[in-house]
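Biologist: Could you walk me through this model? I'd like to start with pockets and then move on to charged pairs.

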Amino acid sequence: MLVFALPLFAQDRSARDRSSDVQTAFARAQHLRHGINASEWFAQSANDYSAARTDRYTDAADIALMAKLGFDSVRLSIDPVPLEQGPHNQEGFNADFLGRLDRAVDAMLANGLAVQIDIHPEEPYKQNVKSGNEGVQRFTMLWRKLAAHYANRDPETIFYEIMNEPEVNDPYRWAGIQAAAAQAIREAAPKNTIIATGPNWSDIQDLLTQHPLSDGNVIYNFHFYDPHEFTHQGAGWGSPWWIYTHSIPYPANDSSLDLVKQVPDLADRFAFERYWLDHWDAHHIRLLIDEAANWGKTYNVPLICNEFGAYREFTDPASRMNWIRDVRSALEADSIGWSMWDYRGGFGVVYKQDGQPAKVDGKVVEALGLKEK
């Protein structure tokens, strides 16, 4: 078998180029220190992506408020299905949807906010990518077109996030899919920084299964919602028994252990009890986030956590602020930028009705360590 190797001078040049790209990624990660997620706007909208809805859900005043509150970046979630639905323009996108998306992106840039272009699909799109090569091909074609579309904006402030929480169980398959998508992005947008992630739900343990891409101009991302027993109490998705849980305190304290009785099933109650037994507090959270930081240091790559938050409907406000502050502080102690989930949704930093001015939750702003400009 013949083995071909690059000449030494070519290998040296390739190493220098990657080193320079890594430096670029570290520098640009500084634009993503204190971000906010613009959720349920161009993604997760129960299939209503009409102009009547998107124009009222988050508007120019909201974007200006994001900047005023001290956020430096916005993670803009995009559902690929309405983006690619007909009628198509010359790029192969829905012209009306893309036009509204462009106006949102340009308004963010005009307010001094960096933008994370986040492909945020729902089912069956993810399943098609997960299970078949045709789905992967369509996904990489989408990225080639979308990366080219935004390549004419300032690459310092437009970031391409490959996929939100890919739900691909096999970390090796996801590594291959992610590498193919990154290559498509790079061919269309040679100057922009890519945001990559781990498989499954983009948790820390998922990130740790991955090796960095050969492309050096990449920031690596993870999400943090631990412990879900606290952050998703009362939520109607995820584990079915979460809907029973209300007013769970953070940090965990033994005096509130009696709250396990909110859950009727004994096996679920046993799982819930672990929240107290594991002694969740700031130290526990810091140790977990340190593991992500160690991965980044091992491979000399920049990290961000572009989702963290606690569902507010059934959560004690003081406990929620404690958790937000502890997670944010741990991330900052490890020099990891963050994007809170989310602006106006169930985890939000504001309260807002469609078409009405937003009301800021000052306690959240304080917990995030931000100061209104």
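Biologist: Which residues lie nearest the centre of the largest pocket?

Modeller: Glu165, Trp201, His232, Trp237 and Glu307 lie nearest its centre, and the lining of the largest pocket has 23 residues. A pocket here is an open set of points on a 1 Å grid over the protein atoms alone, where a 1.4 Å probe fits and protein lies on both sides within 12 Å along at least five of seven lines, and lining residues have an atom within 4 Å of a point. Please keep in mind that this is a predicted model, in which local features need pLDDT of at least 70 and side-chain atom pairs count only at pLDDT 80 or more, while totals for chains, interfaces and linings use all residues. Residues are numbered from 1 along each chain as its sequence is written, and side-chain values use heavy atoms, with hydrogens and water left out.

Biologist: And what volume does the largest pocket have?

Modeller: The volume of the largest pocket is about 630 Å³, taken as the space filled by probe spheres set on the grid points, which are joined across faces, edges and corners.

Biologist: How does the lining divide into nonpolar, polar and charged?

Modeller: The lining of the largest pocket has 7 nonpolar, 9 polar and 7 charged residues, where Ala, Val, Leu, Ile, Met, Phe, Trp, Tyr, Cys and Pro count as nonpolar, Asp, Glu, Lys and Arg as charged, and the others, Gly among them, as polar.

Biologist: Switching topic, how many salt bridges are there?

Modeller: The structure holds 19 salt bridges, each being a side-chain nitrogen of Lys or Arg within 4 Å of a carboxyl oxygen of Asp or Glu. One of them joins Glu161 to Arg75, with the closest N and O atoms 2.8 Å apart. Glu161 lies in strand S4 and Arg75 in strand S2 (residues 73–78), so the pair ties together parts that are 86 residues apart in sequence; strands are DSSP runs (E, at least two residues) and helices likewise (H or I, at least four), numbered from the N terminus.

Biologist: Is Glu161 buried or exposed?

Modeller: Glu161 is buried at 1% relative accessibility, and Arg75 is buried too, at 0%; buried means under 20% relative accessible area, exposed over 50%, and partly exposed in between (1.4 Å probe, protein chains only).

Biologist: What about Arg28, which residue does Arg28 form a salt bridge with?

Modeller: Arg28 forms a salt bridge with Glu156, with 3.3 Å between the closest N and O atoms. Arg28 is in helix H1 (residues 8–28), whereas Glu156 is in the loop between helix H7 (133–150) and strand S4 (158–161), 128 residues apart. Arg28 counts as buried at 7% relative accessibility, while Glu156 is partly exposed at 34%.
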